[in-house]
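Welcome! Let's take a friendly walk through a protein model, one feature at a time. Keep the picture at hand as you read.

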Amino acid sequence: MSDTLSHSETAGRDLGGCPVMHRDFAPAQAAGYHWELADELRETSPVFFNAFAQGYWVFTRHDAVRDIYKTPELFSSESITPWQPDPIYRFVPTQIDAPDHIKYRRIVNPWFSPRAIDAAEPAMRALCRRLVEETAPAGGCDFVTGFALRYPTEAFLSVAGIDPADADLFVPWVEDFFGGFSGDPAGLEPMAEALEGIREYWVAALAERRSDPVPREGDLASHLLHSTFDGRPLTDSELLDMLTVLVLAGLDTTRGTMGYLFQHLAEHPEHRQRLIEEPELIPSAVEEVLRFYTIIFGDGRKVARDAEFHGVQLKQGDMVYGLVSGANRDPRAYERAGEFVIDRERNNHMGFANGPHRCLGMHLARRELQLAVEEWLRIIPDFQVAAAEPLEERGGGAMMTLTRLPLAWEVPS
Amino acid sequence: MKLTVDGPSCMGHGRCYLMAPDLLTDDEEGYVTIRDQTIDVPDDQVEAAEDAAGTCPEQAIRLTP
């Protein structure tokens with residue numbers, strides 16, 4: 001990985017001696033590659049300038065990544081992909097800065113609060129159980145396509161008050177959107193078409209609800225139609241931007257995390273056994289999955305003003321990339337950082353980011369993951385990876401996810 | 001027993017109000033409502049308070065007699 005180009009200038013920029021590399025983080029790789037890469041980058045360079053796309057700063061250690069998250073006035077969320085400073089989508093409230101950000105968050109936060117998730121849990125558990133029960137007699141499945149995307153999609157739609165059968169529409173849209181998110185040119189057209197499909201779905205859903213005099217019970221789109229921002233109703237574009245990001249952020253991330261969680265359980269029978277015997281450990285095991293198998297390779301921000309930051313001189317408009325995946329394994333921040341510690345206490349990982357943009361869906365995601373472990377281990381306590389070829393993961397420009405995870409188990413005769 | 005949340009340390013992980021739902025709750029921004037405040041812990045909530053303090057990733061929760 002010694003592709004350092006120079007220590008002086010790139011694109012006419014004086015980088016003050018900062019190392020320069022040229023790295024395309026997008027291609028698919030062997031499973032686990034991105035964590036090894038993040039580990040190596042963290043231990044070799046706390047910061048470097050990546051001369052990919054228009055060029056951007058990469059911060060690799062826990063302290064700098066945390067400072068990026070905690071300094072939103074310097075690091076704007078206007079773009080969160082450093083290779084795309086002016087993206088074709090606009091996520092609300094993800095890409096909104098203060099003071100408007102919190103006004104949008106107040107509208108959607110109650111929908112994803114622990115109380116709301118408690119209320120949704122019986123329905124989520126039922127559909128999780130049904131999926132596992134349908135899968136069990138086959139003695140094996142591709143976990144990624146058979147369960148890991150299907151279940152969070154149905155769970156999300158159920159929380160949003162949408163017919164879970166519409167998961168058939170959302171699953172391919174989510175695939176195509178994230179195929180282009182990493183900056184792969186071949187993925188841009190399917191990405192745009194998927195965005196259009198999702199927007200049209202919500203346009204129709206909003207049109208059907210618009211004339212309701214009061215919000216429909218348990219219906220997120222209807223709730224948003226009756227919400228106000230600074231005393232005015234939300235505009236159509238705000239409504240669509242909010243509903244779209246909820247779909248995209250809620251489905252792919254949980255799918256990715258779910259895949260690595262179940263790969264880990266398949267390869268560690270002692271951890272399966274421990275969770276069966278001590279189910280009270282499932283929440284801390286899920287937190288450790290979020291730390292150790294962080295699927296967000298890095299998180300981007302746009303620099304709002306000239307400033308010195310962790311040893312380099314940033315200019316307004318520069319893009320920065322904080323490698324959350326490596327920061328969560330930084331031995332400067334965690335004991336036994338490179339180990340999966342199933343009962344780790346005080347796990348202050350940044351798997352849900354940090355600061356004001358902390359993941360809106362964190363309580364939903366945690367619960368989905370916990371329920372998946374509970375229900376799967378109850379019905380299929382013993383299972384293995386059954387892949388003839390090595391597992392692969394999608395490129396880490398966006399979020400890592402296993403492209404497939406064949407699992408196998410004994411079916412009682 | 002009293003429970004204090006150190007405001008600047010609290011990062012909104014949301015683990016405390018999950019561990020002690022009858023004692024702590026979240027505000028509209030996802031943080032625990034009592035940042036920079038001290039509350040009395042009822043006797044039947046002592047165990048939940050200890051769980052919440054023990055789970056806080058930032059060690060922002062302090063228990064005092």
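Predicted model: local features only at pLDDT ≥ 70, side-chain atom pairs only at ≥ 80, totals over all residues.

## How confident is the model?

Chain A has an average pLDDT of 91, and 96% of its residues score at least 70. For the complex, the predictor gives an ipTM of 0.77 and a pTM of 0.91.

Where does pLDDT stay under 50 in chain A? Look at residues 1-9 of chain A, for which the model has 15 contacts beyond four places in sequence.

## Where the two chains touch

Now find the place where chain A meets chain B. Here 14 residues of chain A are in contact with 16 residues of chain B. On the side of chain A that touches chain B, α3 (100-108) and α14 (362-379) each supply at least two residues. Which of the elements gives the most to this side? That is α3(A), with 3 residues. By class, the residues on this side of chain A are 3 nonpolar, 6 polar and 5 charged.

## Helix α14 and its partner

Helix α14(A) also packs against a helix of its own chain. Helix α4 (residues 114-135) of chain A and α14(A) pack at an angle of about 35°, and their axes are 9 Å apart. The crossing of these two helices is right-handed. On the α4(A) side, the contact is made by residues including A:Ile117, A:Met124, A:Arg125 and A:Val132. On the α14(A) side, A:Leu364, A:Arg367, A:Leu371 and A:Trp376 are among them. Sorted by class, the contact of α4(A) with α14(A) has 10 nonpolar, 1 polar and 7 charged residues.

## A second pair of helices

Next, look at helix α6 (residues 150-160) and helix α7 (residues 167-181) of chain A, which pack at an angle of about 120° with their axes 10 Å apart. The two helices, α6(A) and α7(A), are therefore oblique to each other. Their crossing is right-handed.

Which residues make the contact? From α6(A) come A:Arg150, A:Thr153, A:Glu154 and A:Leu157, while α7(A) brings A:Ala167, A:Phe170 and A:Val171. By class, this contact of α6(A) with α7(A) has 4 nonpolar, 1 polar and 2 charged residues.

Strands of a sheet pair through backbone hydrogen bonds, either parallel or antiparallel. Chain A has an open sheet of 3 strands in the order β8-β17-β15, with antiparallel pairing. Its edge strands are β8 (140-142) and β15 (384-385), each of which pairs on one side only.

How many bridges join β15(A) to strand β17 (residues 406-408) of chain A? There are 2, and the strands run antiparallel. To see one residue pair, find A:Val385: its bridge partner in β17(A) is A:Leu407.

Most residues other than glycine have a negative phi, and most peptide bonds are trans. The peptide bond from A:Val92 to A:Pro93 is cis, with omega near 5°. Another cis peptide bond joins A:Ala98 and A:Pro99, where omega is about 0°. A:Pro93 sits in the loop between β7 (75-76) and α3 of chain A, and A:Pro99 is in the loop between β7 and α3 too.

Finally, visit A:Ala53, in the loop between β5 (47-50) and β6 (56-59) of chain A. Its phi is near 50°, a positive value in a residue other than glycine.

Technical notes
Residues numbered from 1 in each chain as written. Chains lettered and ligands numbered in written order. Axes fitted to C-alpha atoms, helices over the stretch in contact; angles between N-to-C directions. Helix = DSSP H or I, 4+ residues; strand = E, 2+ residues; numbered from the N terminus. Parallel < 35°, antiparallel > 145°, perpendicular 65-115°, else oblique. Left-handed = near helix turned anticlockwise from the far one by under 90°. Contact = placed C-beta atoms within 7 Å. Nonpolar A, V, L, I, M, F, W, Y, C, P; charged D, E, K, R; others polar. Pairing = 2+ DSSP bridges. pLDDT = per-residue confidence, 0-100.
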